[in-house]
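Hi there,

Here is the model I promised to pass on. Please have a look at it first, and then read my notes below.

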Amino acid sequence: TTLVGLIENYKVKIIGTKDSLVSLASTSVGGAMAEVEDFLCNMNVSFVERRYHEVRDDICIQLYGGVAQINWALWILSI
């Protein structure tokens with residue numbers, strides 16, 4: 001076994017691996033891999049987390065806080 005022979009053997013194995021990956025990509029497994037990649041790419045957006053916290057704070061703190069204040073004010077006025 002010479003260095004050239006080992007390199008040629010490695011080349012053949014790499015080509016076989018490439019062909020296997022290409023054929024795998026054309027099957028339903030490849031479709032699932034593409035869907036997962038699209039999902040991960042779409043979920044890699046930083047503004048979603050920031051907007052979620054802003055909306056949650058607006059609804060849970062400000063809206064419900066305002067409703068609670070109005071509710072307590074009406075109860076106090078009714079007494």
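Y64 has its place in helix 3, which covers residues 47-78; helices here are DSSP runs of H or I with at least four residues, strands are runs of E with at least two, and both are numbered from the N terminus. A word on the basis: this is a predicted model, where local features need pLDDT of at least 70, side-chain atom pairs count only at pLDDT 80 or more, and totals for chains, interfaces and linings use all residues. Residues are numbered from 1 along each chain as its sequence is written, and side-chain values use heavy atoms, with hydrogens and water left out.

Back to Y64: at 51% relative accessibility, this residue counts as exposed (exposed means over 50% relative accessible area, buried under 20%, partly exposed in between, with a 1.4 Å probe and protein chains only). Together with V55, I59, L63 and V67, Y64 forms a nonpolar patch on the surface, with about 470 Å² of accessible area in total. Such a patch takes residues with over 30% relative accessible area and no salt bridge; nonpolar side chains (Val, Leu, Ile, Met, Phe, Trp, Tyr) are joined within 5 Å, and like charges within 9 Å. The areas come from the Shrake-Rupley method with a 1.4 Å probe, and for residues only the protein chains shown count as cover.

Now the overall picture. The protein has three helices and zero strands, in the order α-α-α from the N terminus on. Its radius of gyration is 30 Å, well over the 12 Å that the globule rule gives for 79 residues, so the protein is more spread out than a compact globule. That radius is taken over C-alpha atoms, and the rule is 2.2 Å times the number of residues to the power 0.38. The C-alpha trace spans about 100 × 30 × 15 Å along its principal axes. Of the 79 residues, 1% count as buried, and the accessible surface comes to about 7300 Å², with 68% of it belonging to carbon and sulfur atoms.

C41 sits in helix 2 (residues 28-43) and is exposed, with a relative accessible area of 54%. Its C-alpha atom is separated by 32 Å from that of I61, 20 residues apart along the chain.

How many salt bridges does a search of the whole structure find? The search finds two, a salt bridge being a side-chain nitrogen of Lys or Arg within 4 Å of a carboxyl oxygen of Asp or Glu. One joins D19 and K18, with the closest N and O atoms 3.1 Å apart; D19 is partly exposed at 40%, and K18 is partly exposed at 49%. The other links D57 and R56 (3.3 Å, N to O), where D57 is partly exposed at 31% and R56 is partly exposed at 36%.

Best wishes
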